[in-house]
Protein chains: 2
Amino acid sequence: IGSGLCVFSKHPIQEFTQHVYTLNGYPYMVHHGDWFCGKAVGLLVLHLSGLVLNVYVTHLHAEYNRQKDIYLTHRVAQAWELAQFIHHTSKKADVVLLCGDLNLHPKDLGCRLLKEWTGLHDAYLETRDFKGSEEGCTMVPENCYVNQRELEPFPFGIRIDYVLYKAVSGFYISCKTLRTTTGHDPHSGSPLSDHEALMATLCVRHSPPQHPPSPTHGPEGSQLISVLKEAWRELDLGVAQARWWATFASYVIGLGLLLLAFLCALAAGGGVREVAILLWTPSVGLLLGAGAVYLFHMQEAKGLSGARAELQHVLGRAREAQDSGPESRPALLLGQQEGDGTEE
Amino acid sequence: IGSGLCVFSKHPIQEFTQHVYTLNGYPYMVHHGDWFCGKAVGLLVLHLSGLVLNVYVTHLHAEYNRQKDIYLTHRVAQAWELAQFIHHTSKKADVVLLCGDLNLHPKDLGCRLLKEWTGLHDAYLETRDFKGSEEGCTMVPENCYVNQRELEPFPFGIRIDYVLYKAVSGFYISCKTLRTTTGHDPHSGSPLSDHEALMATLCVRHSPPQHPPSPTHGPEGSQLISVLKEAWRELDLGVAQARWWATFASYVIGLGLLLLAFLCALAAGGGVREVAILLWTPSVGLLLGAGAVYLFHMQEAKGLSGARAELQHVLGRAREAQDSGPESRPALLLGQQEGDGTEE
């Protein structure tokens with residue numbers, strides 16, 4: 001029970017803090033356990049040869065069923081919260097690094113939202129020297145701890161663990177090498193985890209690298225607007241669903257109160273008294289359970305509405321920037337250069 | 001039900017986000033209600049004539065009983081979380097402004113911690129033009145919504161709402177005027193809230209103000225270390241207490257299980273069957289309640305441990321800075337200038 005985040009650093013950690021995600025699954029999904037862990041994003045500030053390096057480490061809500069993913073909205077909300085946390089805490093960093101199990105495939109909404117809003121680059125897509133599992137997958141069928149049935153639609157496995165990075169303020173960063181383990185421990189044959197480990201060597205320079213990365217990942221206004229819209233719609237659906245559950249729970253509370261009153265009358269009247277008393281426990285349980293569900297989904301709706309409001313604001317600003325001409329666009333879209341004209 | 005935060009801005013809001021506090025009272029203190037609100041800190045980024053202004057707005061956990069304050073640890077943890085949030089999100093701001101109901105008296109641990117770690121100045125202490133209630137109090141006995149008994153030890157009232165500010169990167173900020181309401185609405189005679197409103201006029205300049213503020217509030221290494229230590233001890237006590245409650249709840253869970261087994265045996269045996277069935281409901285309730293209390297206090301202990309670990313790290317760094325001589329001190333102690341030698 002814990003966020004499951006851990007960092008070992010060769011360089012002294014100058015500062016650290018943690019942000020626990022507002023939404024993280026449902027407490028009544030006890031068998032999934034994510035809610036109890038309190039998933040979070042950790043931030044470490046390191047100073048490396050005069051560079052300020054912000055390292056983020058995180059683990060987003062697991063995906064238990066891709067076909068019918070009840071946690072999709074929460075994962076999108078977490079991806080947004082993560083992106084906003086990075087956006088607001090990295091404004092003075094020279095290099096930003098995010099490592100973690102995002103539980104998101106590369107084309108998933110949460111992953112695109114994160115990359116578009118923060119401007120982070122994916123080490124696997126950028127590097128010219130990759131060795132490891134097929135297609136960079138970090139959950140592979142060769143791993144004996146992996147549920148093979150879940151991976152059936154993906155013969156090579158899935159890529160859900162990432163090393164993402166960017167450099168700002170005149171620096172350039174590139175991924176020299178990227179390695180993954182391949183489902184087996186090199187020594188004993190049994191792997192150390194159900195996920196494959198990632199190892200990246202990154203290079204930060206004052207001048208552009210000799211082999212510049214393909215320009216396909218530069219932020220574009222229309223791309224950002226489209227992913228923001230998509231995320232807004234997803235969160236909006238989530239708000240409606242959370243409110244539906246809260247309303248449903250309030251009806252159950254009403255019914256439970258009626259049932260309790262009826263049972264009291266029965267117990268006082270005699271006759272089926274024992275039955276009435278026996279039904280007392282499940283009725284009280286129903287009432288308390290429905291009360292908890294009501295409260296929880298009201299809080300969920302509040303959390304999702306908050307994220308939706310932030311998205312809507314950013315969307316509005318992005319549209320304004322697009323309308324007011326291309327020269328004002330890049331500053332907003334990279335989302336990191338506000339109030340400082342000296343960068344990039 | 002909500003964080004209760006609201007900002008109206010004459011200037012366009014460039015960005016905004018919200019951070020919900022990890023700890024915020026106890027869900028079983030239903031009559032206090034703080035837990036259900038989800039107290040938070042909001043951040044707005046404004047651009048004013050070329051300045052980047054980070055405006056923070058917050059409301060910390062209420063203090064219901066100053067003599068026996070069961071929420072003291074949570075309020076200290078919230079003050080630390082607030083200070084860390086400001087510290088990490090304001091690194092590129094020119095001016096930082098924090099307004100809110102901190103539910104902390106000026107000399108309270110949380111208030112000192114917040115001011116020492118962020119370097120924020122208190123408008124009431126800095127201004128030379130104050131008009132309003134006695135001693136700047138924002139909860140005054142003249143206000144008809146205020147519980148008079150709570151204010152008995154404080155004849156003028158208490159000052160728990162603040163306007164705090166600082167300027168960085170070569171700017172100077174001063175508080176020109178500060179006003180409070182005085183317990184009465186100027187028109188109808190009945191006040192608009194149980195707290196008095198604050199209104200400040202702040203002045204940001206490129207050069208120092210003509211009447212520089214008294215130098216009593218400049219950060220000093222030993223002062224920071226002493227308040228960090230005090231906060232560490234408070235959080236440490238809180239962790240121990242949260243663990244004690246979790247342990248107590250686990251014993252109650254064990255007892256509840258035994259009781260349930262005993263009642264099952266009684267009910268099966270006949271004789272006092274009806275009594276056994278009647279006691280079934282409170283036993284199940286006891287078990288579920290104790291389970292919830294166990295989980296909640298485990299999470300509380302985790303949250304407090306996290307804050308304590310951050311404090312310990314900052315304390316270690318502050319001591320290192322103090323040991324390594326005065327020239328390296330200001331950069332750490334102001335807590336805002338890392339990695340940039342051009343500021344101040």
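Student: Before the helices, what are axes here, and how do angles run?
Tutor: Axes are lines fitted to C-alpha atoms, for helices over the stretch in contact, and angles run from 0 to 180 degrees between N-to-C directions. This is a predicted model, where local features need pLDDT of at least 70, side-chain atom pairs count only at pLDDT 80 or more, and totals for chains, interfaces and linings use all residues. Residues are numbered from 1 along each chain as its sequence is written, chains are lettered from A and ligands numbered from 1 in the order in which they are written, and side-chain values use heavy atoms, without hydrogens and water.

Student: OK, at what angle do α3 and α5 of chain A cross?
Tutor: Roughly 135°, with the axes of α3 (residues 109-118) and α5 (residues 221-269) of chain A coming within 9 Å. That makes α3(A) oblique to α5(A) (under 35 degrees is roughly parallel, over 145 roughly antiparallel, 65 to 115 roughly perpendicular, the rest oblique).

Student: Which residues of α3(A) meet α5(A)?
Tutor: L109(A), R112(A), L113(A), E116(A) and W117(A). Their partners in α5(A) include L224(A), V227(A) and E234(A). By class, this contact has seven nonpolar, one polar and four charged residues.

Student: Switching to chain B, is D108(B) buried or exposed?
Tutor: D108(B) is buried, at a relative accessible area of 14% (buried is under 20%, exposed over 50%, partly exposed in between, with a 1.4 Å probe and protein chains only).

Student: Where is D108(B) found?
Tutor: In the loop between β4 (95-101) and α3 (109-118) of chain B. Beyond neighbours within four places in sequence, D108(B) is in contact with E63(B) and R66(B) (contact means heavy atoms within 4.5 Å).

Definitions and conventions:
Helix = DSSP H or I, 4+ residues; strand = E, 2+ residues; numbered from the N terminus. Nonpolar A, V, L, I, M, F, W, Y, C, P; charged D, E, K, R; others polar.
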